[in-house]
Amino acid sequence: MSFQLLLAALIAGSIYALVALGLNLIYGTMRLLNVAHGEFLMIGAYVAYWGINLWKISPLLAAPAAIVLTAALGVLLYYSIFRRAMTSRAFVERIEANSLLVFFGVSVILQNVTALLFTADLRGYRYEEELISFGGASLPVNKIMVLIIAGSVCIASVIFFARSTLGLAIKALIQQREAAAIVGIPIARVNLISFCIGFGMAGLAGVLVSMTEQISPFMGFPFTVTAFVVIILGGLGNVLGSLLGGLLLGVLETFGVAFTGPGYRSIMIYGVFIAVLLLRPQGLFGPGRART
Amino acid sequence: MTLLNVDGVIRRFRGIVALDDVSFSVEEGQIAGIMGANGAGKTTLFSIIAGNLRPNAGRIIFAGRRIDGLRPEKVSRGGIARTFQIVRPFGNMTVLENVTLGVLYGRRRERSMAAAEARAREILEQMGLAHRAQHVASQLTLAGRKRLEIARGLATEPRLLMLDEVLAGLTPAEITGAIDLIRTLHRQGNLTILMIEHVTRALMALCQRIVVLHHGKKLFEGSPEDVVRDPKTVSAYLGATVS
Amino acid sequence: MRLDLGVPLGGVTLATIAAAVLPFVSNDYIVGIGFTLSTWIALTEAWLLISGMAGYVSLGHVAFVGIGAYVAALSWQLLPVWLILLAAGAAAGTLALLVGYPCLRVRGPYFVILTFGLSELLKFIVVNIEAALSVSGRVLFGAPDLHDLFYMMLSLAWASLCVALIIRRSRFGAGLRAIRENEEAAETIGIAAPWFKLTAFALSAIIPGMVGALITMRTSYFDPLDSFSPRTSLLIITMAVIGGSDKPLGPLLGVGFLVLLQELLWANLPQLYMIIVGLLLIAVVVWVPDGIFGGLQRLLARSA
């Protein structure tokens, strides 16, 4: 039984890590608190849903379309709202609080536009649901695919950030904005790319989630919460931390629910969230604070 | 009498020793200076005295009572005011409101808004800021904001006024004006002043005693004339003894 | 009393007395709108104490509304209505004191997210408690009629406005604003920030607790998912920000505007209403950060 649970934890954790990675990119590079991240996941989910229902395309093929759509939407947001807002001194002074409010507005808009267009009903589709058994556990194929895809993207990201020039540039930007500009990193372009990757990851996560769960216009919100829990666990701006934090949360949630019951899932997630915020707002893996 | 006694203060930041067994004292009514290269630990020292930071070891004794580890508002109520190296005015409030707050919550703990405002206006007069009373603080020039920071500190009726590089970024004319102002405040207000400064002529002109910090250690302590002749200090600043 | 305090207080009181005439001159529908307006005025003005004045923006204020509602539901017909209101306010204030102590040490956007997390946590705790008690929704029989509820809510709105106005011009309020502008500098001049923040937080919770009790009486029904709905927190913050969260009179504009919009749209197109709310929030935060009220003030100052 516990191998089954462990797999379930890994699957959940890999999705959490994927979503958190995207959020971390957006927050880390531009200090924008994207509380609409879950809604971009939701958009990805709907793209996959309509892909299979209207055009009979498998979600795996719909994934690139979802990624492109969510990335484009993110870029559109950037150019229409934030580029203008960042020039205002008052906005930038409290950029985190202000961006939180702006993204809140965005999330409300996205949720309600989707509800208006497609109704608030739960929808789902069947995809690769055959069970495979191994090692005492049995899982449907779609969940294994989720684990493989999400897991690969996460690992690829960690390698990318550690090795590639672009990855290094992004990390530099996350750590020290002004210094990054001084050493010649093209800030605007790197910001844009980070945005694309960040939102694109959310879209991909949405496609993956839609393979195994039902979707609705309001499905995104819990994922935003877990993404924040993960990046707070792992340290804001810390890429490897997001991966580890995501897995940790997957484990905590899955095993916690197994011991207490599904009704306690939310209590546990929010409980962890609050505990970490209170005790170590810089994350479990982040740098320590100088004590007063 | 000795107003401030810094005794064996040590402060570390994750492996870096910012202050290493620093001790000195300031007599009541003195103007004392702290000098040292950037990174010598001067502002850290101020933050520890003012209660913004705790020392890892050592004591701070002010007017006979131990104050290390006290919260900043308690230290302020005990009679210490400080300015910040990077000024921190209450940006969206007017100059008058900034200083009024000092009167309301300083040692006088004035209850009446009207009385506090009246006293604040007096201080603005003294500091040459009266004509800017209704200006929003964030719109002042740097020199103005530095004056405001001093005014706000004065409003709390301190016994010890700690000035952190208040002359940085000022033009030579503004520096002369500031030196005169500090001298006047010292005389009229019965103040003890401890100032961190890089501007040497201000230290020479104002201070009766100077403490030199270097890499967190006290290098030398003495009168201004002695400081410029101390070989260790000269070597630290110039790299070699000047013969 | 100083003129700049007496005039607004007098104006607000007169307006309240005028509004009290409403049940005699119009029908229940209008009185219902009056009830809704009073509800949001009471909530936003209370919210202003911690979020506008102290600068610690709370995105979880529905927690106080919800706990007041729960207290009312639990004590229904066990206590007289006035005592229920007091208990609801006290419960909310106590909650604020308990969670405020650790939470107010967290600054900036972390505090915003934290308050949100706390209100959601409380919601799910109550959901689980009710489930454990095998209760799904509580009905409140024999609630006071609309006119009585309207007067009670109107009084809360008046009280909330007055508290906001008085504190804004008081020594305490000046201290709060100093904390908002620069907390470390405020401490350096003698302001004991932790006490100030905690007091403001507790004060900002009491009236919302009472509001929660009244709302439950109006709907005659308690369901934790409704009473603790984050949409309430979002609307509070939107109304206050749109109107202008710096001065006490600002939120009035936001409340009026959004309630009017709600009346027009909610019945048929609730999604459209929320979309417009979202757009307004974005527009105000990006282009008119001090809200309509602040914008008006600047406009008047420039033309003077």
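Hi everyone, let's start inside chain A, at helix 6, where Lys143(A), Val146(A), Leu147(A), Ile149(A), Ala150(A), Cys154(A) and Ser157(A) are buried. Before going on, please keep in mind that this is a predicted model.

An α-helix has 3.6 residues a turn, so residues three or four places apart point the same way. Among the buried residues of helix 6 are Val146(A), Ile149(A) and Ala150(A).

And what covers the buried residues of helix 6 of chain A? The cover includes helix 1 (2-30), strand 2 (137-140), helix 9 (187-212) and helix 11 (239-260), which belong to chain A as well.

Now let's step back to chain A as a whole. It has 12 helices and two strands. Of its 292 residues, 50% count as buried. A compact globule of 292 residues would have a radius of gyration near 19 Å, and chain A agrees because its own value is 19 Å. Its C-alpha atoms fill a box of roughly 55 × 45 × 35 Å along the principal axes. Looking at contacts in chain A with a separation of 6 or more, 76% are between residues 24 or more positions apart.

Chain A also touches chain C. The contact takes 33 residues from chain A and 30 residues from chain C. Which helix of chain A gives the most to that side? Helix 5 does, with 15 residues. By class, the chain A side divides into 25 nonpolar, six polar and two charged residues.

On to chain B, where the secondary structure comes to nine helices and 10 strands. Here 46% of the 243 residues are buried. The globule rule for 243 residues gives a radius of gyration near 18 Å, and chain B has 18 Å, which agrees. The C-alpha box is roughly 55 × 40 × 35 Å along the principal axes.

Chain B meets chain C too: 21 residues of chain B are in contact with 15 residues of chain C. Helix 2 (72-78) and helix 3 (95-105) of chain B each supply at least two residues of that side. The chain B side has eight nonpolar, seven polar and six charged residues.

Note on methods: Residues numbered from 1 in each chain as written. Chains lettered and ligands numbered in written order. Predicted model: local features only at pLDDT ≥ 70, side-chain atom pairs only at ≥ 80, totals over all residues. Buried ≥ 20, exposed ≤ 12 C-beta atoms within 10 Å, placed from the backbone. Helix = DSSP H or I, 4+ residues; strand = E, 2+ residues; numbered from the N terminus. Contact = placed C-beta atoms within 7 Å. Rg over C-alpha atoms; globule rule 2.2 N^0.38 Å. Nonpolar A, V, L, I, M, F, W, Y, C, P; charged D, E, K, R; others polar.
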